[in-house]
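Please walk me through this model in the viewer, one selection at a time. I would like to know what to pick and what is there.

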Amino acid sequence: MISILGRGAVLLALAACSVGTVTGAIAAMRGSDKALRITRTAGWVFGLALVGATLLMEYALLTHDFSVSYVAEVGSRSTPVWVTIVSLWSSLNGSILLWGFVLGLAVIGLVETTRDRYPYQTPWALSVAMGVGVFFTFLIAGVANPFEAVSPVPADGPGANPLLQNHILMVVHPPMLYLGYVGMTVPFAMGAAALLAGRLDAAWTRLIRRWMLIPWGFLTVGVILGGWWSYEVLGWGGWWAWDPVENASFLPWLTATAFLHSAMVMERKDQLKGWTLSLVLATFLLTLLGTFMTRSGVFNSVHSFTQSPIGPVFLGFLAVATAFSVLLLAFRLDSLGGGSRPLAAGVSRDTAFLANNLLFSAFTFMVLLGTVYPLLNEAVTETQISVGQPYFDRMGAPLGVAILFLMGVGPALPWGTGSLGSAARSLAVPGAFGMLVVIGSVLGGIHAPWALATFGFGAFALGTTIREVFAPALARSKALGETLGRSMVTVMSRSRRRYGGYIVHVGVISIAVAHAAAIAYQVKEPVTFVKDTPREVLGYEVTYLGAEWEDQPHRKSHKAKLRVLEDGRELGVFEPRLNYYKKMGTPIGTPVVRSGLTEDLYFSLINIDEGAGTASLDVMLHPLVWWLWFGGALMMGGTLVAGWPSRKKSPATKPATASAAK
Amino acid sequence: MTSTPAAATGSNAGGRRVFLVVALLVAASALGFVAFGNIGENLVYYWDVGQLHDAGDKAVGATIRLGGVVKEGSVDWQPDDNHLEFIVTDGDREVPVECSGAPPQMFREGIGVVVEGTMTSGGVFTSERLMVKHSNEYKAPEEGMSADDRKELYRTVEDL
């Protein structure tokens with residue numbers, strides 16, 4: 001029954017977005033209001049049908065309806081309810097359905113934010129977005145159909161991938177990434193619409209920027225949560241391995257970040273239109289590439305599902321979308337016209353933004369090259385290789401430090417013409433702060449060059465950011481005699497976009513510093529403990545008290561109990577474990593992490609030999625890891641500050657009321 | 001560059017644009033050169049025992065993911081100093097492996113493993129990373145095996 005309903009909903013969505021793609025184009029070319037109305041309705045039908053199909057699948061999962069093929073594939077009566085819910089994205093066909101769900105919501109959002117506005121671009125944007133929808137619903141209806149009817153109906157299923165069941169973070173990490181990936185469809189459609197309509201005004205630019213900021217925020221959170229999950233679950237003590245699939249999520253993040261900066265130039269100076277739109281289009285294409293790499297099984301990775309027929313289809317769509325983007329840029333860019341306000345050279349914010357874009361492009365190129373190189377190599381020589389982590393670390397470190405440097409310089413420079421002298425004056429204090437931090441670090445025994453560079457330039461960037469945040473409020477409170485706090489609130493609420501950006505910057509600094517410190521100074525000691533024999537490990541006294549089994553419906557856990565003392569004071573009994581899942585021959589570990597502001601103590605269980613009374617563990621110390629997650633939270637908070645919708649709908653009235661208040 | 005506005009006109013602007021394009025091209029090719037060089041130095045090779053033998057001296061110092069089976073009766077595990085030695089075989093040729101760190105729970109003789117490390121000039125493979133494969137059935141790589149099958153040989157538990 002659910003198979004039929006679900007399939008019906010998917011086919012309805014396919015019909016709706018096919019109609020919408022065509023009527024949207026007609027509305028754009030003929031200026032027909034009727035066609036536009038039909039397109040909007042089609043958008044709603046498309047979105048609601050896919051939301052409905054996803055809810056039906058969740059219902060089938062929760063009621064253990066094994067007559068539905070996807071439920072038979074990943075469902076199980078013995079898993080906890082939360083695992084059953086998240087099973088939706090535990091395998092290929094379900095995750096494509098989730099993709100459709102998010103795309104449905106995005107199209108509805110696009111329909112509503114453009115209703116009765118932007119008459120030139122809106123029909124094209126709807127048409128392109130639903131064109132992308134045609135491809136995805138085609139997948140859900142065809143090769144990746146999760147609603148096939150299974151007969152005879154099995155009594156129970158195997159359950160979801162154990163790695164997903166192993167940690168609660170799996171509830172949020174994949175949907176966040178999907179919201180980020182799929183959300184990029186909207187700015188893509190908007191960018192393509194600007195080119196198709198031959199119009200890119202300030203209002204449309206702001207709209208693209210806002211719709212880029214939302215998926216960018218989700219992507220940021222998704223990537224950081226993925227790192228956190230890796231750290232908490234996989235037991236190797238790291239959060240980023242430059243795994244091809246991790247890179248696949250990082251690439252669109254890089255180009256989207258470049259866009260968020262160059263869009264400011266476009267909005268203010270009416271320049272860099274072609275470049276900025278290229279970044280929008282490239283971001284979407286990179287999300288497609290990322291999905292292809294994740295879902296086609298071309299890589300061995302934590303993330304790859306089994307070999308799947310979806311790969312070639314995806315590659316085909318990627319080729320079509322790339323050709324569409326390149327042709328659009330080649331033939332329609334001139335229609336947008338050149339900017340009237342030239343960029344300033346020399347010591348100006350304009351230059352800083354240009355340099356920012358160059359660095360982010362270089363970063364993208366570097367990661368992309370390292371990621372696809374093994375594929376190209378394999379195609380040519382048929383030998384299997386991968387590009388090792390040292391390549392990415394060595395290439396990424398100088399680029400990352402240069403980006404930190406720019407982050408410290410850019411915000412302090414004026415738009416237009418600035419002078420070297422005034423720049424030096426505003427950068428003197430942050431520069432001195434950076435120097436002090438470097439000197440202090442050296443005296444404190446830190447000698448790793450990239451760690452020192454990151455600390456120094458990080459402190460420099462932090463200094464500039466703090467100055468830019470507080471200086472205007474200080475000036476205002478002095479001039480008006482207000483309290484500083486009140487001035488802060490007023491100043492920040494007037495340009496939330498800028499201050500949100502600064503908060504994000506502080507988050508990035510926090511992550512960069514933590515990452516550099518952890519790379520340079522993490523230590524790992526493999527130890528085999530003998531029962532009841534205390535051992536000194538990395539400055540802690542650790543005693544293995546014995547092993548214990550714990551039974552849960554969906555798994556059995558073998559725990560090693562460790563008493564840990566620091567300077568004779570007991571920190572507690574830690575229980576890293578190995579989890580055994582049904583139908584899975586090998587156990588999956590759950591490490592124990594004792595997190596602190598300066599360092600994490602990390603126990604990863606390797607094996608337990610109850611006969612010999614021993615347990616082998618990797619004991620690790622990771623400095624500053626807490627600051628990675630803290631930086632991620634700051635980035636999320638900053639994005640919310642910058643992107644939260646204003647209460648007043650019409651932006652045109654805002655400056656007027658603001659100046660009236662003065 | 002000093003703080004001259006870019007609003008310059010005529011041939012000056014044109015010359016400037018050419019200069020910018022050339023500068024960008026130089027920077028891009030420099031980056032490409034450095035990146036390719038760096039990739040070349042940091043490749044990880046996925047080899048089986050036969051390929052490792054065939055590589056000869058090329059294997060010394062290179063980062064290698066070696067796939068094979070743990071030979072029966074070859075495991076020597078010293079818990080006190082966390083030292084593990086065993087032989088990886090493809091049923092025909094063999095490589096002695098030394099690992100620092102404990103063997104994973106499922107590690108045993110006859111199981112398929114992937115070890116990441118490098119060859120020493122003494123002919124011993126040293127590794128700090130040992131992964132056990134999904135199943136105990138290990139098929140030795142054969143001539144004419146498809147790339148996908150070969151890839152499957154290196155799919156480990158951690159890769160899932």
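Predicted model: local features only at pLDDT ≥ 70, side-chain atom pairs only at ≥ 80, totals over all residues.

Start at the hairpin of S5(A) and S6(A) and select Asp567(A), which takes a positive phi near 50°. Two residues lie between the strands of this hairpin.

Strand S5 covers residues 555-566 of chain A, and its pairing with S6(A) is antiparallel, over five bridges. To see one of the pairs, pick Leu562(A): its bridge partner in S6(A) is Phe574(A).

Next, show strands S2, S11, S10 and S9 of chain A. These four strands form an open sheet in the order S2-S11-S10-S9, with antiparallel pairing. Strand S2 (523-530) and strand S9 (592-594) of chain A stand at the edges; each has a single partner strand, so one side of each has no neighbour in the sheet. From one strand to the next, the twist averages 20°.

S9(A) and S10(A) run antiparallel and are joined by three bridges. Select Arg594(A) to find Leu601(A) of S10(A) opposite.

Now turn to the helices. Two packed helices are described by the angle between their axes and the distance between the axes.

Select helix H5 (residues 92-113) and helix H8 (residues 173-183) of chain A. Their axes come within 9 Å and cross at roughly 55°. That angle makes H5(A) oblique to H8(A), and the crossing is right-handed. On the H5(A) side, show Leu98(A), Trp99(A), Val102(A), Leu103(A) and Ala106(A); they meet Pro175(A), Tyr178(A), Leu179(A), Val182(A) and Gly183(A) in H8(A). Of the residues in this contact, nine are nonpolar, one is polar and none is charged.

For the last stop, select helix H9 (residues 185-197) and helix H13 (residues 310-332) of chain A. They pack at an angle of about 35°, with the axes 9 Å apart. H9(A) passes H13(A) in a left-handed crossing. Which residues make the contact? From H9(A) they are Ala192(A), Leu195(A) and Leu196(A), and from H13(A) they are Leu328(A), Leu329(A) and Arg332(A). Five of the contact residues are nonpolar, none is polar and one is charged.

Technical notes
Residues numbered from 1 in each chain as written. Chains lettered and ligands numbered in written order. Axes fitted to C-alpha atoms, helices over the stretch in contact; angles between N-to-C directions. Left-handed = near helix turned anticlockwise from the far one by under 90°. Contact = placed C-beta atoms within 7 Å. Nonpolar A, V, L, I, M, F, W, Y, C, P; charged D, E, K, R; others polar. Pairing = 2+ DSSP bridges. Parallel < 35°, antiparallel > 145°, perpendicular 65-115°, else oblique.
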